[in-house]
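Open the model in your viewer and keep the sequence panel beside it. The stops below say what to select and what is there.

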Amino acid sequence: MKPADSPTALLLAWGRGEADAFDRLVPLVHEELRRLALHYMSRERPGHTLQATALVNEAYLRLIEIDQVRWQNRAHFFAMSARAMRRILVDSARAKGSEKRGGGIPRVALDDALLVGPMADPSLVALDDALLALEAFHPRKSQVVELRYFGGLSIEETSQALHISPDTVKRDWQFAKLWLLRELSGERPDAQRL
Amino acid sequence: MRNDSEPRGEPPDAERVEQICHAALARDTIARDAFVAEACAGDEGLRYEVESLLRQLSDADGFLSDPALSVAAKRLADRPGHRLIGRQLGVYHVESLLGAGGMGEVYRARDTALGRDVAIKVLPRLFVTEPNRIARLKREARVLASLSHPHIGAIYGLEDVDGLPALVLELVEGATLAERLKKGPLPMADALTIARQLADALEAAHERGVVHCDLKPANIMLTPAGAVRVLDFGLASVAAGSDARGDPAQSAQMTTGSRDGTIRGTPAYMSPEQAAGGGADRRSDLWAFGVVLLEMLTGRSVFAGDTPAQLLAAVLNHDPDWTKLPAVTPVPVRRLLQRCLQKDRKRRLESAADARLEIDDALTPVADEAGAAGAVASGRQRPAWRMAGLATALLAIVVVAGAVAVLNTRQGTLFSQHFAIPVSGEVSQMALSSDGRFLAFVMPDDSGQHMLHVQPVGAPRATVLTGTDGARFPFWSPDNAYVGFFAGGKLMKVRPSGGAAQVIVDVTPSARGASWGSKNVIVYSQRAGGPLWRVNADGTGAAAVTDTVLTPDEQSHRWPVFLPDGDHFVFWGGHFTKDGERSGIYLSSLSGREKAFIVAAWSNPGFARGGSLFFVDERGQLVMQAFDTNSGRPSGDVRVIAAAVGFQPALYWGSFAVSASGTVVANPSTALHQSVLTWYDRGGNELGTVGRPAIMFNPSLSPDGQRVAVDISDPKAANVDVWVIDLKDNTTARLTFDADEEATPVWSPDGGRIAYQSASTGTKVKETSGLGEGRIAAQRPSVSLSIGNNNFPNAWSRDGASLVTTVESVGRENAHLALFRIGDPRPTKLLVTSGHQTNGQISPDGNWLAYASDESGESAIYVTTFPRAAGKWQVSAGGGAEPRWSADGSEIFYLDPERTLTAVAVRTGTAVTFSSGPPRPLFRAPVRPPISNTDFFSYDVTKDGRRFIVNRYVRPSPVAPLNIILNATATEPSYSSFRLIAP
């Protein structure tokens, strides 16, 4: 891969305002997704959990080569990359969802409905909406989630990106999770007012 | 404009919410609730915010632990069709995915040896979990391979792909009939040409002993050349674990009974015998053939329903709408359809060859009339619908969410059908809409509050109706536009889709059931004792109805159920003494002039059209008795509908519901509303449990703190008795033995006697040694005056000579507190107000009486002087129930409306001076909500005021699924057990 077309170079270019850099980034992220997905398809074999974690980390590293970025840019770069990941992943989830539902009332064929179980993870689309709502009340916590969950950053890296202490990141992370869970369960008292 | 009815003010300050959350998280789990209550004291909005966040804690651990990239990749991996593309399987090179679904994935592949394209269908794991399925699949494949029929999709081989069986099939180009049908009905000639080929295919397969079992438009391919290919022959029968083999000569008898009782197939095309979980044979294929032909001609589904259960019910009960057939439909085709769609397969068309001949007959006149048959037959004119598309469709097999017990068919025409649906919590009272399609039920929410829920019968999820807190005994309006229920001493209604609940009429908290008739009159129980009342659905015209037929020795009319005329109703008339003979289900009418005894019973009745009465018998079985709706005379034998059903002896009520159409829902759990006595300290820390979980209430600590008395319901014996648990060694001894209901024990000050309520006689006193008989202490006044009167002991006077009791009496009089001198039948009225007074508690110094009263519109705690009530001081703030004193008289405890145990410091002077401090919440007590009108005390407190014994609700684990019986009146079930298969 030419350096100019590496995900990191594209992210930096996007950060400089080159809009088409984002479009060129999308297929690269999808490629990583597919690579990971291929791995998960064989996950029924035991003993793969550790390896899976390593693979996810590797995938993030390939997309976000922090070593290539100058020190003073790091915080900005972290934020950019997490924002880009969020957009790409949520957009692709949204596209698949709408294709399935056809826009109208979600009417599931009887044959399918009975064979489909409950979802283990929240849908990325619902989470994205919840995160938007969180941003209205607690903008920094929304950023912490974006960096950690979408950007794959560690607590240490998140603290660097936001210029806050690791303890604050931990507290924000914990509170944000409670807030988002409540939002996803539809229990927020004033949710209908927004 | 500001809306004054807006319940909340400004949203709580986000920072403050966060601060309290973090501070709460830094504390122990047990101390957390109390901390939050204190930190948010006085600000309900803030408290709600914090508590709603902390409630999520149990789910927070795994939440977002997997980064988004990984989650997205897993989703991608879960989408079928990605695993084989590009792979070489033997001679086959897999090129693309054609389709995927519950029964596997279908790929397009190239046979590199023969140079042709094939379809490879990888079957799901279902086929390998049972070893003989593979063997049968192989056999089936071999037979089909030998068939080589122009209208049956060919099988080339069976391969193993990563441990899963994969069929190598003829790749049929074209579209499925299902895709074609989306565009509307087919012209008569096209439909008949297709049907002719289908019949041909079925005939060939049936001759070789192969039954399709899942014939439907999605399995029928239409090639661009106009030919029909039927796919997936025999797969469904293999999946169902059936044996579809047999001597071809005897093939009419061969069956494909599914051994596990599970329905597999596609509900819309399933024959009645398959829908009932029974065996399939070639006649089942002919049913499906009829459904497909009818759908081709009308362009619409023959059987419809919102849920699989409703769809199956439609297959079993409803006739197709023949009026939708095009007017030009030839008579032989009409005759053929009617013969195919006979619910009783003995009366159905015998063979596919007969179908072929009928169509041949029909095709000739069509050709003559329309002149189109020639064109269709020659294929010259290519209909627009013959378009290329997916090359094959999947065999979609449905595992119905609930095992279906096969029922015998006495007449062979109607089936009753059993299945089970999972529920997320303990369902107690239920009501079915008149058409049997919707179920309203009461289930506790996370905090234990009973809420009304509504669910389409057979659907996996229910909707909670907000604003129905404390709902009991739901019932439907005849047009199913409302669900009626009782809550907070009122009869109310709410739309099943939600919205605000409306009050119909005031009743009392002990009301026992209602029914809404077709003339828009509601007949209801006003209180646990006394006659039934009526009220117009708009809330006007409330008046007693059965008072005219209430006999002097009857204590209660309750659980009314209207008959379809909206005038007659059945109800339960109770004599609470167990030796009272005429307790049973009666027939009466709004005229109040008639009352016919139908059957002896101790249960609420259910009614289905045609005169079927349902009730719980003495063995705890749900039974059905036919009766004459004019005379009330029973006819025929009592038939068992369900072997086990939840029952509340204290209410004379069983956990089931019946719709007029004959659908029955029953909760088989006999352990409904269980609780266990649990010790807590003031911080809400659980310190241990006492005894075993049971259906119990009214714990009362002995004065020395060594024993606790409690009343326990025994659903098996259908009786309630007082028991004493020794706290030192956890041994339990029964105190009362009568067949009578005996409840609400209260210890005498010296610990030597226990006063309790006996349903037939009033308050009794018994030595706690267990010796001697229970003696009547405060009798019901003479019988003729006392219909429905109850006397519940609340407290002993300090000298042990008198009892404060709650008196509930007939008529419009409210529950009030009375003082009895033991042995003197004439009580002194202690306290009568415009509201109901209960739970009178005498202060340790004997000069004060704390009690609960709803005179202000909500239950609150007050104190007055004793033994003569003078003055009134309110102790609670924001509502309260169940006062208790600490032994030194310095504190009063009570439960607030959210069931938070609350303490109030009080100061009493020698003169008539009383003052109390602000209420301090201690902890949320997870009490079991009251069920019976004998349920007064949820907790007691030790003398030092440091520990509480709480009647803690125990959620059953696992929660029993609800049993649904469709057409319960039709035929006798041959199985009485139910099994649940999770979807």
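Select residues 686–701 and 707–714 of chain B. These are strands S36 and S37, which run antiparallel and are joined by five bridges. Met696(B) stands opposite Ile712(B) in S37(B). Strands here are DSSP runs (E, at least two residues; helices are H or I, at least four), numbered from the N terminus. Two strands pair if DSSP finds at least two bridges between them.

The model is predicted: local features need pLDDT of at least 70, side-chain atom pairs count only at pLDDT 80 or more, and totals for chains, interfaces and linings use all residues. Residues are numbered from 1 along each chain as its sequence is written, while chains are lettered from A and ligands numbered from 1 in the order in which they are written.

Now widen the selection to the sheet. Seven strands of chain B form an open, antiparallel sheet in the order S39-S38-S37-S36-S35-S58-S57. Its edges are S39 (731–734) and S57 (939–941) of chain B, each pairing on one side only.

Next, go to S20, residues 521–525 of chain B. Five of its five residues are buried (20 or more other C-beta atoms within 10 Å of a residue's own, with C-beta atoms placed from the backbone; 12 or fewer is exposed, in between partly exposed). Val521(B), Val523(B) and Ser525(B) cover one side, Ile522(B) and Tyr524(B) the other.

Finish at the turns. Asn520(B), in the hairpin of S19(B) and S20(B), takes a positive phi near 60°. Six residues separate S20(B) from S21(B), and Gly530(B) in that turn has a positive phi of about 95°.
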